Amino acid sequence: MKGVRALCSLCQHGPIWSQLRLDKTRPWSLAVSPCSRRLIARANATVSQKLEAESTAHKPHIKADDLAQEIRREKNETKNKAKGTFDKVDPQLSPVQKKVHELRQLTRQLQVVHPNVLAKALHRGLLFHNQELLAINKPYGVPVHGGPGVRNSISDVLPILAKMIDGVRAGPDLHICHRLDKETTGTLLLAKSETAASRIQELFKSHQVEKKYWVLCVGVPVPSEGLIDIPVVEKAITGDQPHYKMALSPVYRLREGGEGVTRIRANQQAHGAVTRYRVLASSGGCSLVELHPVTGVKHQIRVHMAYALGCTILGDHKYSHWNKLAPQKLPEGVLRRLGLEQSKARHLPLHLHASQLTLPGVGGDGDVTVRCPLPKFFTSSLRKLQIALPEKP
């Protein structure tokens, strides 16, 4: 019994085989009797159960379904990061900041979506459609033509869009008749044949197409209605951030003493630029302005608004400063109405919208007028600034 009690006491400190003495005559075997072997086996079984219970007590019980869901979640997160999907909107942001965040997120997502998705979005925004011509609502942030670093553009999805509109009977690719900047929204004309596209492009070149744009600008133009006839030229800006931008190239300057003007020699690289404008409404230091560009020079409206009238378009960070590239500096009153901080103003989108195009009648047909509604971010800014839309477009 003493041997049994001694053996049991040894079992409390670990596996029994680690504490038995070796037989001197057979150094590589254990000297135990059959009875002892049964006790050893029973003691080892008890110790193993205790060790297993202690090891599993600290481990959570994981089901196969939970493990599979966790693996799928990790795969989706990896896939979303690869596609450029963004985090959820911070609930502490103001309503305007949330809108800006959502717009920026949508803009970047449109660059990574499948071409079919972009084509469906353009198809939903179809404004006009006949045998030769159609007009679409160009969204913000989508370039018209492809280029370096551009993954999705309107020109890339035109074959898909043609199939969605005309089905299997669709002819060759659609043709772009003119262009809008990446940040500009609104009416974009497409032709179903090269002949129709050439005819419409000639109407644009000869200034026979009546174009109407709406902009939301910082400040109120004075006078409230007028004609801007100042050529525009592209210039290189040197300094810490070398870049190119369009600038005014006037052919008149004030005489000494400020009485009258005198004509100066025009820049050979300048392009004639003519824009009619009128203020539709204003409030809170901003105004809604309607513009009719007679010519079609690159960034003509943005340059005339910023440098000729001194009223930069809201969200136009390129032309807010002349000699540097920096976010638009907004007055405190405008920031307060929009619910923004100056550090977040760089995320404001360009509030420039091609609201209407009118083509002259061709071949005895009447004029074709296409109108496009304002995007949501534009109307949201108008509401925050308490600027009412005119009753008639």
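**Close-ups of the aromatic contacts**

Searching the whole structure turns up three aromatic pairs. Here, rings of Phe, Tyr and Trp (its six-membered ring) pair when their centres lie within 6.5 Å; planes under 30 degrees apart are stacked, over 60 edge-to-face, and the rest tilted. This is a predicted model, where local features need pLDDT of at least 70, side-chain atom pairs count only at pLDDT 80 or more, and totals for chains, interfaces and linings use all residues. Numbering runs from 1 along each chain as its sequence is written, and side-chain values use heavy atoms, with hydrogens and water left out.

View A. Helices (H or I, at least four residues) are DSSP runs numbered from the N terminus. Y319 is buried at 1% relative accessibility, while Y307 is partly exposed at 25% (buried is under 20% relative accessible area, exposed over 50%, partly exposed in between; 1.4 Å probe, protein chains only).

**View B. Y307 also pairs edge-to-face with W322.** Centre to centre it's 5.9 Å, with 85° between the planes. Again the partners are in helix α8 and the loop between α8 and α9, 15 residues apart. W322 is partly exposed, at 36%.

**View C. Ring pairs join Y307, Y319 and W322 into a cluster.** Over the Y319 ring sits the charged end of K318, 6.0 Å from the ring centre (the cut-offs: NZ of Lys or CZ of Arg within 6 Å of the ring centre and within 35 degrees of the ring normal).

Methods: Helices (H or I, at least four residues) and strands (E, at least two) are DSSP runs, numbered from the N terminus.
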